[in-house]
Amino acid sequence: QVQLTESGGGLVQAGDSVRLSCVASGRPFSTLAMGWFRQTTGKEREFVAAMGWASARTNYGESVKGRFTISRDNTKNTAYLQMNSLKPEDTVVYFCAATRYGDANARDFDYDYWGQGTQVTVST
């Protein structure tokens with residue numbers, strides 16, 4: 001019932017900032033808790049950030065704490081991932097995820113819906 005579309009990825013320089021967007025359709029966005037994950041080919045998905053449906057709680061992966069910020073705008077049906085101080089190790093496909101249950105969960109199996117991903121490449 002829910003479709004997620006990520007955008008904002010691309011080629012950036014190390015140390016730069018970029019904001020990813022995730023537009024949700026199919027049901028009221030305010031009913032969804034949102035998360036961001038990333039995955040390198042051949043490896044497991046890594047938790048990046050999550051936010052509850054009412055922005056009452058946030059959660060961040062250890063590798064991105066202090067650099068990435070998750071936010072949402074329910075009027076635009078959009079979740080965002082602000083990424084600052086980008087490093088080459090941040091070069092990966094980023095996925096938006098949503099769930100009708102839970103609150104800022106860090107586990108990928110807690111999410112019901114997934115976008116197709118957006119590639120971020122950080123050059124040196």
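How many salt bridges does the structure hold?

Analyst: The model is a predicted one, in which local features need pLDDT of at least 70 and side-chain atom pairs count only at pLDDT 80 or more, while totals for chains, interfaces and linings use all residues. Residues are numbered from 1 along each chain as its sequence is written, and side-chain values use heavy atoms, with hydrogens and water left out.

The structure holds six salt bridges. A salt bridge here is a side-chain nitrogen of Lys or Arg within 4 Å of a carboxyl oxygen of Asp or Glu.

One of them pairs arginine 38 with aspartate 90, with 2.9 Å between the closest N and O atoms. This pair links distant parts of the chain, 52 residues apart: arginine 38 belongs to strand β4 (residues 33-39), and aspartate 90 to the loop between β8 (78-83) and β9. Strands (E, at least two residues) are DSSP runs, numbered from the N terminus. Both arginine 38 and aspartate 90 are buried. Buried means under 20% relative accessible area, exposed over 50%, and partly exposed in between (1.4 Å probe, protein chains only). Arg38 and Asp90 also belong to a network of salt bridges that includes Glu46 and Arg67.

Another salt bridge joins arginine 45 and aspartate 108, whose closest N and O atoms are 3.3 Å apart. Here the partners are 63 residues apart, arginine 45 in the loop between β4 and β5 (46-51) and aspartate 108 in the loop between β9 and β10 (113-114). Arginine 45 counts as partly exposed because its relative accessibility is 36%. Aspartate 108, at 23%, is partly exposed.

The loop between β9 and β10 also holds aspartate 103. Aspartate 103 forms a salt bridge with arginine 57, the closest N and O atoms lying 3.5 Å apart. Arginine 57 sits in the loop between β5 and β6 (58-60), 46 residues from aspartate 103. With a relative accessibility of 26%, aspartate 103 is partly exposed, and arginine 57 is partly exposed at 47%.

As for sulfur links, a search of the whole structure finds one disulfide, meaning a pair of cysteine sulfur atoms within 2.5 Å. Cysteine 22 and cysteine 96 form this disulfide, with their sulfur atoms 2.0 Å apart. Cysteine 22 lies in strand β3 (residues 18-25) and cysteine 96 in strand β9 (residues 92-99), so the pair ties together parts 74 residues apart in sequence. The torsion about their S-S bond is about -75°, and the disulfide is therefore left-handed. Cysteine 22 and cysteine 96 are both buried.

Technical notes:
Helix = DSSP H or I, 4+ residues; strand = E, 2+ residues; numbered from the N terminus.
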